[in-house]
Amino acid sequence: MADVIVVGAGPAGSTTARHIASHGLEVLVLDKREEIGRPVQCGELLASREEVLQIFPRSRGLDELDTVPLENVQRRFERLRILTPKGREYLIPFTGFTVNRDDLDKHWVSLAEKAGAEIRTGVVVEGLSGSEVITDQGRYNAKVIVGADGPTSIVATSANLKTPSSLSPALTCQVEGNFEPVAEMHFGSLAPGGYAWIIPKKKSANVGLGVWDRARSNGVRALFNDFITRRGFAPHSIAGGLVPMSGPVAKTVSKNVLIVGDAAGHVIPTNGGGVNVALICGRIAGECIAANLLRNEPLQRYEERWRAVVGHPLTIGLKTKRLADKFFGSDRRLELAMRIMGKKGMGRAIRCKRIFRG
Ligand SMILES: Cc1cc2nc3c(=O)[nH]c(=O)nc-3n(C[C@H](O)[C@H](O)[C@H](O)COP(=O)(O)OP(=O)(O)OC[C@H]3O[C@@H](n4cnc5c(N)ncnc54)[C@H](O)[C@@H]3O)c2cc1C
(Lines give C-alpha, C1' and ligand atoms only; values in the text may rest on other atoms or scores of the structure.)
Protein backbone atom coordinates (compact mmCIF):
# COMPACT_ATOMS: atom_id res chain seq x y z
CA MET A 1 0.00 0.00 0.00
CA ALA A 2 1.33 3.46 -0.96
CA ASP A 3 1.01 6.26 1.56
CA VAL A 4 -0.67 8.46 -1.05
CA ILE A 5 -2.00 8.09 -4.59
CA VAL A 6 -2.36 11.32 -6.54
CA VAL A 7 -4.61 11.11 -9.60
CA GLY A 8 -3.50 13.67 -12.21
CA ALA A 9 -0.02 14.97 -13.00
CA GLY A 10 -0.96 18.57 -13.87
CA PRO A 11 0.34 21.46 -11.76
CA ALA A 12 -1.95 20.61 -8.82
CA GLY A 13 -1.05 16.91 -8.72
CA SER A 14 2.69 17.22 -9.24
CA THR A 15 2.97 19.99 -6.64
CA THR A 16 0.93 18.02 -4.11
CA ALA A 17 3.08 14.92 -4.77
CA ARG A 18 6.31 16.86 -4.41
CA HIS A 19 5.39 18.25 -1.02
CA ILE A 20 4.38 14.82 0.30
CA ALA A 21 7.38 12.94 -1.12
CA SER A 22 9.80 15.53 0.29
CA HIS A 23 8.83 14.21 3.76
CA GLY A 24 10.00 10.71 2.82
CA LEU A 25 6.45 9.40 2.28
CA GLU A 26 5.61 7.00 -0.55
CA VAL A 27 3.64 8.73 -3.33
CA LEU A 28 2.34 7.26 -6.57
CA VAL A 29 1.04 9.67 -9.25
CA LEU A 30 -1.24 8.24 -11.95
CA ASP A 31 -2.12 10.10 -15.14
CA LYS A 32 -4.13 8.93 -18.12
CA ARG A 33 -2.03 10.93 -20.56
CA GLU A 34 0.73 9.06 -22.36
CA GLU A 35 2.85 12.21 -22.36
CA ILE A 36 2.76 14.69 -19.48
CA GLY A 37 1.33 18.08 -20.48
CA ARG A 38 0.09 17.05 -23.93
CA PRO A 39 -2.08 18.16 -25.59
CA VAL A 40 -1.66 21.73 -24.33
CA GLN A 41 -5.09 22.89 -23.13
CA CYS A 42 -4.00 26.30 -21.86
CA GLY A 43 -3.48 29.93 -22.88
CA GLU A 44 0.03 29.54 -21.35
CA LEU A 45 -0.08 32.89 -19.57
CA LEU A 46 1.11 33.06 -15.98
CA ALA A 47 0.87 36.08 -13.71
CA SER A 48 4.19 37.19 -12.22
CA ARG A 49 5.03 36.46 -8.61
CA GLU A 50 4.28 40.12 -7.75
CA GLU A 51 0.80 39.85 -9.29
CA VAL A 52 0.12 36.55 -7.53
CA LEU A 53 0.95 38.24 -4.22
CA GLN A 54 -1.39 41.13 -5.11
CA ILE A 55 -4.20 38.68 -5.82
CA PHE A 56 -3.44 36.25 -2.99
CA PRO A 57 -1.51 38.26 -0.37
CA ARG A 58 -1.73 35.37 2.07
CA SER A 59 0.16 33.10 -0.33
CA ARG A 60 3.42 34.75 0.75
CA GLY A 61 5.94 32.00 1.35
CA LEU A 62 3.94 29.52 -0.74
CA ASP A 63 5.16 30.89 -4.02
CA GLU A 64 5.63 27.91 -6.31
CA LEU A 65 6.27 30.27 -9.23
CA ASP A 66 9.86 30.32 -7.98
CA THR A 67 10.11 26.84 -9.45
CA VAL A 68 9.67 28.04 -13.07
CA PRO A 69 13.13 27.81 -14.68
CA LEU A 70 14.20 30.79 -16.80
CA GLU A 71 14.47 28.65 -19.93
CA ASN A 72 10.74 27.89 -19.64
CA VAL A 73 9.82 31.57 -19.93
CA GLN A 74 8.83 32.42 -23.49
CA ARG A 75 7.98 36.10 -23.23
CA ARG A 76 7.54 38.61 -20.42
CA PHE A 77 4.94 41.35 -20.61
CA GLU A 78 3.90 44.29 -18.47
CA ARG A 79 0.47 45.15 -19.84
CA LEU A 80 -2.80 43.56 -20.84
CA ARG A 81 -4.70 45.07 -23.74
CA ILE A 82 -8.41 44.75 -23.09
CA LEU A 83 -10.72 45.38 -26.04
CA THR A 84 -14.41 46.19 -25.71
CA PRO A 85 -17.04 44.93 -28.18
CA LYS A 86 -16.61 48.16 -30.19
CA GLY A 87 -12.82 47.82 -30.21
CA ARG A 88 -12.05 50.48 -27.60
CA GLU A 89 -8.70 49.61 -26.00
CA TYR A 90 -7.67 49.73 -22.36
CA LEU A 91 -4.02 49.09 -21.46
CA ILE A 92 -3.92 47.61 -17.98
CA PRO A 93 -0.60 47.38 -16.15
CA PHE A 94 -0.18 43.69 -15.32
CA THR A 95 3.07 41.73 -15.24
CA GLY A 96 3.35 38.15 -16.32
CA PHE A 97 5.02 35.77 -18.70
CA THR A 98 4.21 33.05 -21.18
CA VAL A 99 5.45 29.48 -21.23
CA ASN A 100 5.30 26.27 -23.19
CA ARG A 101 2.85 24.66 -20.81
CA ASP A 102 3.77 21.08 -21.76
CA ASP A 103 7.43 21.71 -20.89
CA LEU A 104 6.44 23.34 -17.63
CA ASP A 105 4.15 20.46 -16.61
CA LYS A 106 7.04 18.07 -17.33
CA HIS A 107 9.34 20.23 -15.23
CA TRP A 108 6.97 20.22 -12.25
CA VAL A 109 6.60 16.44 -12.57
CA SER A 110 10.39 16.12 -12.59
CA LEU A 111 10.52 18.06 -9.30
CA ALA A 112 8.04 15.59 -7.78
CA GLU A 113 10.18 12.69 -9.06
CA LYS A 114 13.33 14.22 -7.64
CA ALA A 115 11.57 14.46 -4.27
CA GLY A 116 10.88 10.70 -4.51
CA ALA A 117 7.39 10.41 -6.06
CA GLU A 118 6.74 7.67 -8.62
CA ILE A 119 4.89 8.75 -11.79
CA ARG A 120 2.95 6.35 -14.02
CA THR A 121 1.49 7.67 -17.26
CA GLY A 122 -1.08 6.03 -19.52
CA VAL A 123 -3.13 4.81 -16.53
CA VAL A 124 -6.83 5.71 -16.57
CA VAL A 125 -8.47 5.95 -13.14
CA GLU A 126 -12.04 4.64 -13.32
CA GLY A 127 -13.21 5.11 -9.73
CA LEU A 128 -12.56 4.53 -6.03
CA SER A 129 -13.63 1.87 -3.61
CA GLY A 130 -12.68 2.84 -0.05
CA SER A 131 -8.90 3.07 0.00
CA GLU A 132 -8.64 1.42 -3.43
CA VAL A 133 -8.07 3.27 -6.70
CA ILE A 134 -9.56 1.32 -9.62
CA THR A 135 -7.76 1.78 -12.92
CA ASP A 136 -7.78 0.22 -16.39
CA GLN A 137 -4.59 -1.55 -15.32
CA GLY A 138 -5.57 -2.91 -11.94
CA ARG A 139 -6.23 -1.69 -8.42
CA TYR A 140 -3.94 0.29 -6.14
CA ASN A 141 -4.23 0.92 -2.40
CA ALA A 142 -3.34 4.05 -0.49
CA LYS A 143 -3.92 5.62 2.91
CA VAL A 144 -4.82 8.97 1.30
CA ILE A 145 -6.12 9.60 -2.25
CA VAL A 146 -5.84 12.95 -4.02
CA GLY A 147 -8.08 14.01 -6.89
CA ALA A 148 -6.00 16.39 -9.02
CA ASP A 149 -7.72 15.06 -12.11
CA GLY A 150 -9.18 18.24 -13.55
CA PRO A 151 -12.64 19.80 -13.79
CA THR A 152 -14.66 16.61 -14.27
CA SER A 153 -12.76 14.74 -11.54
CA ILE A 154 -13.67 11.06 -11.32
CA VAL A 155 -12.02 11.00 -7.86
CA ALA A 156 -14.37 13.74 -6.61
CA THR A 157 -17.52 12.05 -7.91
CA SER A 158 -16.43 8.64 -6.59
CA ALA A 159 -15.92 10.17 -3.13
CA ASN A 160 -19.30 11.95 -3.21
CA LEU A 161 -17.64 15.33 -3.51
CA LYS A 162 -19.12 17.86 -5.91
CA THR A 163 -17.17 19.01 -8.98
CA PRO A 164 -17.42 22.63 -10.24
CA SER A 165 -20.98 23.41 -11.32
CA SER A 166 -20.08 25.71 -14.21
CA LEU A 167 -17.57 24.61 -16.84
CA SER A 168 -16.82 26.99 -19.68
CA PRO A 169 -15.68 25.41 -22.94
CA ALA A 170 -12.50 26.90 -24.39
CA LEU A 171 -10.32 26.30 -27.45
CA THR A 172 -6.70 27.18 -27.94
CA CYS A 173 -4.09 26.92 -30.72
CA GLN A 174 -0.60 28.02 -31.68
CA VAL A 175 0.00 30.62 -34.39
CA GLU A 176 3.45 31.42 -35.85
CA GLY A 177 4.69 35.02 -36.21
CA ASN A 178 6.07 37.99 -34.29
CA PHE A 179 3.72 39.52 -31.78
CA GLU A 180 3.93 42.59 -29.53
CA PRO A 181 4.74 41.80 -25.88
CA VAL A 182 1.18 42.57 -24.77
CA ALA A 183 -1.44 39.96 -23.91
CA GLU A 184 -4.77 40.80 -25.60
CA MET A 185 -8.23 39.99 -24.26
CA HIS A 186 -11.18 40.64 -26.62
CA PHE A 187 -14.67 40.90 -25.13
CA GLY A 188 -18.11 40.85 -26.71
CA SER A 189 -20.34 38.58 -28.77
CA LEU A 190 -17.22 37.16 -30.43
CA ALA A 191 -16.86 35.17 -27.17
CA PRO A 192 -20.12 35.44 -25.19
CA GLY A 193 -19.61 35.12 -21.43
CA GLY A 194 -15.84 34.87 -21.79
CA TYR A 195 -13.17 36.39 -23.99
CA ALA A 196 -10.84 35.68 -26.88
CA TRP A 197 -7.09 35.99 -26.35
CA ILE A 198 -3.87 36.54 -28.26
CA ILE A 199 -0.97 35.78 -25.97
CA PRO A 200 2.54 36.40 -27.33
CA LYS A 201 5.25 33.76 -27.10
CA LYS A 202 8.78 33.82 -28.59
CA LYS A 203 8.04 33.64 -32.30
CA SER A 204 4.44 32.61 -32.02
CA ALA A 205 1.29 33.28 -30.02
CA ASN A 206 -1.24 31.24 -28.16
CA VAL A 207 -4.64 32.22 -29.56
CA GLY A 208 -7.96 31.01 -28.26
CA LEU A 209 -11.30 31.76 -26.73
CA GLY A 210 -13.57 30.66 -23.94
CA VAL A 211 -17.30 31.21 -23.61
CA TRP A 212 -19.85 30.70 -20.87
CA ASP A 213 -21.16 27.20 -20.25
CA ARG A 214 -24.63 27.93 -21.66
CA ALA A 215 -23.03 28.91 -25.01
CA ARG A 216 -21.87 25.36 -25.62
CA SER A 217 -24.67 24.66 -28.05
CA ASN A 218 -23.90 27.89 -29.97
CA GLY A 219 -20.70 26.26 -31.04
CA VAL A 220 -17.49 27.40 -29.42
CA ARG A 221 -15.72 25.93 -32.46
CA ALA A 222 -17.57 28.25 -34.86
CA LEU A 223 -16.68 31.30 -32.73
CA PHE A 224 -13.06 30.14 -32.54
CA ASN A 225 -12.87 29.63 -36.33
CA ASP A 226 -14.39 33.06 -36.87
CA PHE A 227 -11.87 34.77 -34.57
CA ILE A 228 -8.94 32.98 -36.25
CA THR A 229 -10.13 33.53 -39.82
CA ARG A 230 -10.84 37.26 -39.36
CA ARG A 231 -7.22 37.73 -38.32
CA GLY A 232 -5.81 35.55 -41.10
CA PHE A 233 -4.10 33.20 -38.66
CA ALA A 234 -3.00 29.70 -39.71
CA PRO A 235 -3.56 27.75 -36.50
CA HIS A 236 -1.96 24.48 -35.45
CA SER A 237 -2.05 22.33 -32.30
CA ILE A 238 -5.73 23.14 -31.72
CA ALA A 239 -7.00 21.71 -28.41
CA GLY A 240 -10.04 22.24 -26.24
CA GLY A 241 -10.79 22.09 -22.55
CA LEU A 242 -13.22 23.08 -19.83
CA VAL A 243 -12.56 25.93 -17.41
CA PRO A 244 -14.26 25.87 -13.98
CA MET A 245 -15.91 29.29 -13.57
CA SER A 246 -18.10 28.72 -10.51
CA GLY A 247 -15.48 29.26 -7.81
CA PRO A 248 -14.34 26.64 -5.33
CA VAL A 249 -16.62 23.73 -4.49
CA ALA A 250 -18.22 23.62 -1.04
CA LYS A 251 -16.26 20.65 0.28
CA THR A 252 -12.82 19.37 -0.72
CA VAL A 253 -12.18 16.64 1.87
CA SER A 254 -14.12 13.43 2.42
CA LYS A 255 -12.66 10.78 4.73
CA ASN A 256 -9.30 9.79 3.15
CA VAL A 257 -9.89 11.68 -0.13
CA LEU A 258 -9.16 15.28 -1.00
CA ILE A 259 -9.42 17.27 -4.22
CA VAL A 260 -7.23 20.10 -5.49
CA GLY A 261 -6.80 22.35 -8.54
CA ASP A 262 -9.49 22.40 -11.23
CA ALA A 263 -11.17 19.42 -9.54
CA ALA A 264 -11.88 21.70 -6.57
CA GLY A 265 -12.72 24.81 -8.63
CA HIS A 266 -9.42 26.49 -7.71
CA VAL A 267 -9.58 28.89 -10.66
CA ILE A 268 -9.88 32.70 -10.81
CA PRO A 269 -13.47 33.25 -12.05
CA THR A 270 -12.78 36.61 -13.72
CA ASN A 271 -10.11 35.34 -16.11
CA GLY A 272 -10.00 31.54 -15.97
CA GLY A 273 -6.42 31.45 -14.68
CA GLY A 274 -5.90 28.30 -12.65
CA VAL A 275 -2.23 27.36 -12.80
CA ASN A 276 -1.06 29.60 -9.96
CA VAL A 277 -3.99 28.65 -7.76
CA ALA A 278 -3.30 24.96 -8.44
CA LEU A 279 0.31 25.45 -7.36
CA ILE A 280 -0.62 27.28 -4.16
CA CYS A 281 -3.33 24.79 -3.18
CA GLY A 282 -1.20 21.81 -4.28
CA ARG A 283 1.48 22.83 -1.87
CA ILE A 284 -1.03 23.25 0.95
CA ALA A 285 -2.52 19.84 0.12
CA GLY A 286 0.92 18.21 0.18
CA GLU A 287 1.87 19.78 3.50
CA CYS A 288 -1.47 18.86 5.12
CA ILE A 289 -1.30 15.25 3.92
CA ALA A 290 2.26 14.90 5.25
CA ALA A 291 1.13 16.34 8.61
CA ASN A 292 -1.78 13.88 8.63
CA LEU A 293 0.36 10.83 7.94
CA LEU A 294 3.32 11.82 10.09
CA ARG A 295 1.67 13.62 13.00
CA ASN A 296 -1.91 12.50 12.79
CA GLU A 297 -3.21 16.03 12.15
CA PRO A 298 -6.73 15.99 10.66
CA LEU A 299 -6.92 16.09 6.83
CA GLN A 300 -9.63 18.69 7.31
CA ARG A 301 -6.84 21.20 8.00
CA TYR A 302 -6.37 21.29 4.21
CA GLU A 303 -9.84 22.71 3.70
CA GLU A 304 -9.22 25.42 6.31
CA ARG A 305 -5.76 26.32 5.01
CA TRP A 306 -6.52 26.71 1.32
CA ARG A 307 -9.66 28.73 2.12
CA ALA A 308 -7.61 31.04 4.36
CA VAL A 309 -5.17 31.69 1.50
CA VAL A 310 -7.26 31.80 -1.70
CA GLY A 311 -10.90 31.58 -0.53
CA HIS A 312 -11.66 35.29 -0.13
CA PRO A 313 -10.15 36.52 -3.44
CA LEU A 314 -11.86 33.69 -5.34
CA THR A 315 -15.21 34.63 -3.74
CA ILE A 316 -14.81 38.28 -4.79
CA GLY A 317 -13.81 37.10 -8.28
CA LEU A 318 -16.93 34.96 -8.47
CA LYS A 319 -19.18 37.88 -7.45
CA THR A 320 -17.58 40.03 -10.17
CA LYS A 321 -18.04 37.26 -12.74
CA ARG A 322 -21.73 36.89 -11.82
CA LEU A 323 -22.20 40.64 -12.16
CA ALA A 324 -20.42 40.62 -15.54
CA ASP A 325 -22.67 37.77 -16.72
CA LYS A 326 -25.61 40.20 -16.53
CA PHE A 327 -23.93 42.34 -19.23
CA PHE A 328 -22.39 39.64 -21.41
CA GLY A 329 -25.60 38.95 -23.33
CA SER A 330 -25.57 42.27 -25.19
CA ASP A 331 -22.62 44.06 -26.82
CA ARG A 332 -24.26 47.44 -26.16
CA ARG A 333 -24.68 46.81 -22.44
CA LEU A 334 -21.22 45.25 -22.13
CA GLU A 335 -19.64 48.23 -23.89
CA LEU A 336 -21.35 50.58 -21.45
CA ALA A 337 -20.40 48.46 -18.42
CA MET A 338 -16.75 48.32 -19.49
CA ARG A 339 -16.65 52.08 -19.99
CA ILE A 340 -18.09 52.62 -16.52
CA MET A 341 -15.58 50.20 -15.00
CA GLY A 342 -12.73 51.91 -16.81
CA LYS A 343 -9.11 50.89 -16.69
CA LYS A 344 -8.94 50.92 -12.91
CA GLY A 345 -12.06 48.80 -12.46
CA MET A 346 -10.85 46.25 -15.01
CA GLY A 347 -7.47 46.02 -13.29
CA ARG A 348 -9.22 45.41 -10.00
CA ALA A 349 -11.56 42.79 -11.48
CA ILE A 350 -8.65 40.83 -12.94
CA ARG A 351 -6.95 40.88 -9.55
CA CYS A 352 -10.09 39.67 -7.73
CA LYS A 353 -10.58 43.00 -5.92
CA ARG A 354 -13.94 44.71 -5.52
CA ILE A 355 -14.37 46.82 -8.65
CA PHE A 356 -15.47 50.10 -7.13
CA ARG A 357 -13.60 50.19 -3.84
CA GLY A 358 -10.24 51.41 -2.67
C1 LIG B 1 -8.23 26.41 -23.07
C2 LIG B 1 -7.75 26.74 -21.68
C3 LIG B 1 -6.89 27.82 -21.50
C4 LIG B 1 -6.38 28.10 -20.22
N5 LIG B 1 -5.48 29.12 -20.09
C6 LIG B 1 -4.90 29.36 -18.88
C7 LIG B 1 -3.87 30.32 -18.75
O8 LIG B 1 -3.44 30.97 -19.72
N9 LIG B 1 -3.33 30.51 -17.52
C10 LIG B 1 -3.74 29.82 -16.43
O11 LIG B 1 -3.24 30.04 -15.31
N12 LIG B 1 -4.73 28.89 -16.52
C13 LIG B 1 -5.29 28.62 -17.72
N14 LIG B 1 -6.26 27.65 -17.84
C15 LIG B 1 -6.64 26.88 -16.64
C16 LIG B 1 -5.51 25.91 -16.28
O17 LIG B 1 -5.09 25.19 -17.43
C18 LIG B 1 -6.00 24.92 -15.20
O19 LIG B 1 -6.59 25.67 -14.16
C20 LIG B 1 -4.83 24.10 -14.65
O21 LIG B 1 -4.31 23.24 -15.64
C22 LIG B 1 -5.33 23.25 -13.47
O23 LIG B 1 -4.34 22.34 -13.08
P24 LIG B 1 -4.77 20.89 -12.52
O25 LIG B 1 -3.50 20.22 -12.17
O26 LIG B 1 -5.82 21.06 -11.50
O27 LIG B 1 -5.50 20.17 -13.73
P28 LIG B 1 -4.93 19.70 -15.16
O29 LIG B 1 -3.78 20.55 -15.58
O30 LIG B 1 -6.13 19.62 -16.04
O31 LIG B 1 -4.38 18.23 -14.89
C32 LIG B 1 -5.27 17.19 -14.64
C33 LIG B 1 -4.55 15.90 -15.01
O34 LIG B 1 -5.37 14.80 -14.60
C35 LIG B 1 -5.32 13.82 -15.59
N36 LIG B 1 -6.55 13.02 -15.51
C37 LIG B 1 -7.82 13.44 -15.67
N38 LIG B 1 -8.69 12.42 -15.50
C39 LIG B 1 -7.94 11.33 -15.22
C40 LIG B 1 -8.27 9.96 -14.95
N41 LIG B 1 -9.54 9.54 -14.93
N42 LIG B 1 -7.26 9.10 -14.73
C43 LIG B 1 -5.95 9.52 -14.75
N44 LIG B 1 -5.60 10.80 -15.00
C45 LIG B 1 -6.57 11.70 -15.22
C46 LIG B 1 -5.22 14.59 -16.90
O47 LIG B 1 -4.64 13.79 -17.92
C48 LIG B 1 -4.31 15.77 -16.50
O49 LIG B 1 -2.95 15.52 -16.76
C50 LIG B 1 -6.79 27.34 -19.10
C51 LIG B 1 -7.67 26.27 -19.29
C52 LIG B 1 -8.14 25.96 -20.57
C53 LIG B 1 -9.06 24.78 -20.75
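Predicted model: local features only at pLDDT ≥ 70, side-chain atom pairs only at ≥ 80, totals over all residues.
Q: How many helices and strands does the chain have, and what is its radius of gyration?
A: The chain has 8 helices and 16 strands. For 358 residues the globule rule gives 21 Å, and the chain comes close to this, so it is as compact as a globular protein of that length. The radius of gyration is 20 Å.

Q: What percentage of the residues of the chain count as buried?
A: The C-alpha trace spans about 60 × 40 × 40 Å along its principal axes. The accessible surface comes to about 15200 Å², and carbon and sulfur atoms hold 50% of it. Among the 358 residues, the buried share is 61%.

Q: Of the contacts with a separation of 6 or more, what share comes from residues 24 or more positions apart?
A: Contact here means heavy atoms within 4.5 Å. Counting the contacts in the chain with a separation of 6 or more, residues 24 or more positions apart account for 70%.

Q: Is Lys201 buried or exposed, and which side chains make polar contacts with the side chain of Lys201?
A: Lys201 lies in the loop between strand E12 and strand E13. Its relative accessible area is 2%, and buried means under 20%, so Lys201 is buried. At 2.8 Å, its side chain makes a polar contact with the side chain of Glu44. A polar contact of 2.8 Å also joins the side chain of Lys201 to that of Asn100.

Q: Where is Glu44 found, and how far is a backbone N or O atom of Glu44 from an oxygen atom of the ligand?
A: Glu44 is found in the loop between E2 and E3, and its relative accessible area of 1% makes it buried. Phi of Glu44 is near 65°, a positive value in a residue other than glycine. From a backbone N or O atom of Glu44 to an oxygen atom of the ligand the distance is 3.2 Å.

Q: How much of the area that the ligand exposes when taken alone does the protein bury?
A: A polar backbone atom of Leu45 is 2.9 Å from a nitrogen atom of the ligand. In the side chain of Asp262, an N or O atom is 2.6 Å from an oxygen atom of the ligand. Taken alone the ligand exposes 1000 Å², and the share of this buried by the protein is 90%.

Q: Which element gives the largest share of the shell around the ligand?
A: The shell has 19 nonpolar, 10 polar and 7 charged residues. Of the 36 residues around the ligand, those that come nearest are Asp31, Gly43, Leu45, Arg101 and Asp262. The largest share, 3 residues, comes from E14.

Q: Where is Ser237 placed, and is Ser237 buried or partly exposed?
A: Ser237 has its place in strand E14. Phi of Ser237 is near 55°, a positive value in a residue other than glycine. With a relative accessible area of 48%, Ser237 is partly exposed.

Q: Which peptide bond is cis, and in which loop does Pro39 lie?
A: The peptide bond from Arg38 to Pro39 is cis, with omega near 0°. Pro39 lies in the loop between E2 and strand E3.

Q: What distance separates the C-alpha atoms of Val155 and Trp108?
A: Val155 is found in helix H4 and counts as buried at 0% relative accessibility. Residues that Val155 touches include Val7, Leu128 and Val257. Val155 and Trp108 are 47 residues apart along the chain, and the separation of their C-alpha atoms is 22 Å.

Conventions:
Residues numbered from 1 in each chain as written. Heavy atoms only, no water. Helix = DSSP H or I, 4+ residues; strand = E, 2+ residues; numbered from the N terminus. Buried < 20%, exposed > 50% of the residue type's maximum accessible area, 1.4 Å probe, protein only. Polar contact = N/O pair within 3.5 Å; in protein donor to acceptor, adjacent residues only side chain to side chain. Near = heavy atom within 4 Å. Areas by Shrake-Rupley, 256 points an atom, 1.4 Å probe, with all protein chains shown as cover. Nonpolar A, V, L, I, M, F, W, Y, C, P; charged D, E, K, R; others polar. Rg over C-alpha atoms; globule rule 2.2 N^0.38 Å. Lists of a residue's contacts leave out its neighbours within four places in sequence.
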